[in-house]
Amino acid sequence: MVQLEYSVEEPLNREPELEKLISSFITKEGEGYDRNHGPIPHLDATSHCVTIYGLVKKELSLSISDLQALPQHSVICALQCAGNRRHTMRTKLKEVSGIDWFDGAVMNCKWTGPLLKDVLIKAGVDVEEEKWKDAHVAFACFQTPTQDDEWYGASVPLSRAMDASCSIILALEMNGKPLPPNHGAPVRVVTPGIAGARSVKWLDRITVQMTESTNYYQQHDYKILPEEADTPENAEKWWSKVPAIQDMPVNSVIGIPKEDSSVKVDENGCIEVKGYALPSGADGPVAKVEVSADNGNTWTVAELLGEHAADEPGVELKWAWCLWKAKIKIEKGKNRKILSRATDTAGNVQERCPKWNFRGVAYNGYGEVKGLEVV
Ligand SMILES: Nc1nc2c(c(=O)[nH]1)N[C@H]1C(S)=C(S)[C@@H](COP(=O)(O)O)O[C@H]1N2
Ligand SMILES: [Mo]
C-alpha cells in the first residue's frame with residue numbers, strides 16, 4: 001500500500017504570500033503553491049516505473065534510473081494553476097465556482113529530467129507526422145482517487161510534445177534536487193506555458209492516442225466556458241463543446257505595495273511598485289510591463305529584472321515569469337489605485353478585464369492594487 005498524506009475530502013491546497021513569492025526569481029522548495037485534487041502519495045523511487053503505451057511501436061516500462069540515463073534537460077518555467085487570480089474574477093465580476101486563489105497559485109522553478117520527446121522516440125511514435133496536430137499525449141496518475149474521478153489525468157497535443165524547443169519534460173528534479181512528494185516525486189510532467197493542470201504529478205502512464213485524456217480534469221474542468229454557462233446545469237452542455245485550456249494567457253500582478261496599505265512618496269513624489277508578469281503560452285519571454293497611477297490614461301514602463309534576477313547570464317527566459325519593478329509618480333491621498341499590464345514577445349497585451357467564466361479560470365485582467373493611502 002502506498003502511503004498517503006492528506007485525503008480526497010481535504011487535499012493540500014495553499015499559496016504563499018505574494019510579497020514573499022516575488023522576492024525570489026526561483027521559487028524555493030516549500031515556498032510555492034500546492035494544488036491537489038486528492039491525497040499526496042509517497043512513492044518508492046527505486047521501484048516506481050512509467051509505462052509508455054498506446055500508439056507506439058514498442059510499449060516501454062521505464063524506471064527512474066532508466067529516465068536518469070536519458071539525456072537530461074533543464075527548463076526554468078512558471079507553473080501556474082489555471083485558477084490563479086480567481087479571487088479577482090469573483091470579486092470584480094461575479095461569483096465563480098472554485099478555490100479562492102489570490103495571485104500566488106504560480107511558481108517559477110528549474111525543472112530537470114528527460115525530454116518527453118526523447119521518451120516517445122524511444123518507444124517509437126506510431127502516428128504519421130501529418131497527424132501529430134490531432135494526436136495527444138495523455139498522462140495518468142493512478143496512485144489515488146481524486147475528488148471527481150478515480151484517477152488524475154491530462155493530455156497535450158502530440159505536436160507540442162514532439163517539439164523539443166517547447167521543453168516538455170518528465171521532471172525528476174526541482175531546483176537541482178529530487179522532487180519532493182508534494183510536487184510529484186519521483187517523476188512529474190512539466191508543460192512550460194501550459195496550464196498547471198496538465199503537469200501531472202506522480203506519473204504512472206504516458207499514452208499516445210487520437211483523443212484527449214478522458215479524465216474529468218481534462219473534460220469537465222479547466223475550460224473557459226461562455227458566459228451563458230452560468231450554473232452547473234447550464235454548464236453541462238458546454239463542457240464537451242469547449243476546448244480544454246492549454247496555453248495560459250499573458251498576465252501581470254502587483255505584489256508591492258499591498259492593497260489597503262499606506263505608502264510614502266520619495267523626494268520626487270514617486271513610489272516603488274513590484275510584481276511578476278507571465279507571457280502567453282509559447283510567446284515568451286515577457287517583453288514589457290507598464291504601470292499606471294491614473295486608471296490607465298498614462299503608463300510608465302517598468303524595469304524588467306530578467307537575467308539579473310535569474311542570476312545566470314544567458315539563461316533561457318522564454319518560459320519563465322518575469323519579475324519587474326517601477327518607480328511611479330502618484331498623487332498623495334486616500335484610495336489610490338495602481339494598475340499593471342504586460343506585453344509578451346509575440347505582442348500579446350493584457351486586457352483590462354477578460355470576460356467572466358463559470359469556473360473563474362485564466363483570469364488575466366490588469367494587475368491592480370487599490371485602497372492605497374499615499375502620504
Ligand atoms: N496527479 C496529480 N497531478 C496534478 C494534480 C493532481 O491533483 N494530481 N494537480 C494539477 C494541478 S491542477 C496543478 S495547478 C499542478 C500543481 O502543481 P504543484 O502542486 O506542484 O504546485 O499540478 C497538477 N498535477
Ligand atoms: Mo490547477
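User: Which residues are linked with K258 in a network of salt bridges?

Analyst: In this predicted model, E17 and E19 are linked with K258 in a network of salt bridges, and the structure holds 15 salt bridges.

User: Why is the contact between the side chains of K20 and E31 called a salt bridge?

Analyst: The side chains of K20 and E31 meet at 3.6 Å, N to O, and because a salt bridge calls for a side-chain nitrogen of Lys or Arg within 4 Å of a carboxyl oxygen of Asp or Glu, the pair K20 and E31 counts as a salt bridge. K20 lies in helix α1 (residues 18–21), while E31 lies in the loop between α1 and β2 (40–42), eleven residues apart.

User: Why does R160 count as buried, and why does D247 count as partly exposed?

Analyst: Buried means under 20% relative accessible area, and R160 has 13% relative accessibility, so R160 counts as buried. Partly exposed means between that limit and 50%, and D247, at 36% relative accessibility, therefore counts as partly exposed. The side chains of R160 and D247 meet in a salt bridge of 3.0 Å, N to O.

User: What makes the contact between D221 and R359 a salt bridge, and are these residues buried or exposed?

Analyst: The side chains of D221 and R359 meet at 2.5 Å, N to O, which is set against a limit of within 4 Å, so the pair counts as a salt bridge. Both D221 and R359 are buried.

Key:
Residues numbered from 1 in each chain as written. Chains lettered and ligands numbered in written order. Predicted model: local features only at pLDDT ≥ 70, side-chain atom pairs only at ≥ 80, totals over all residues. Heavy atoms only, no water. Helix = DSSP H or I, 4+ residues; strand = E, 2+ residues; numbered from the N terminus. Buried < 20%, exposed > 50% of the residue type's maximum accessible area, 1.4 Å probe, protein only.
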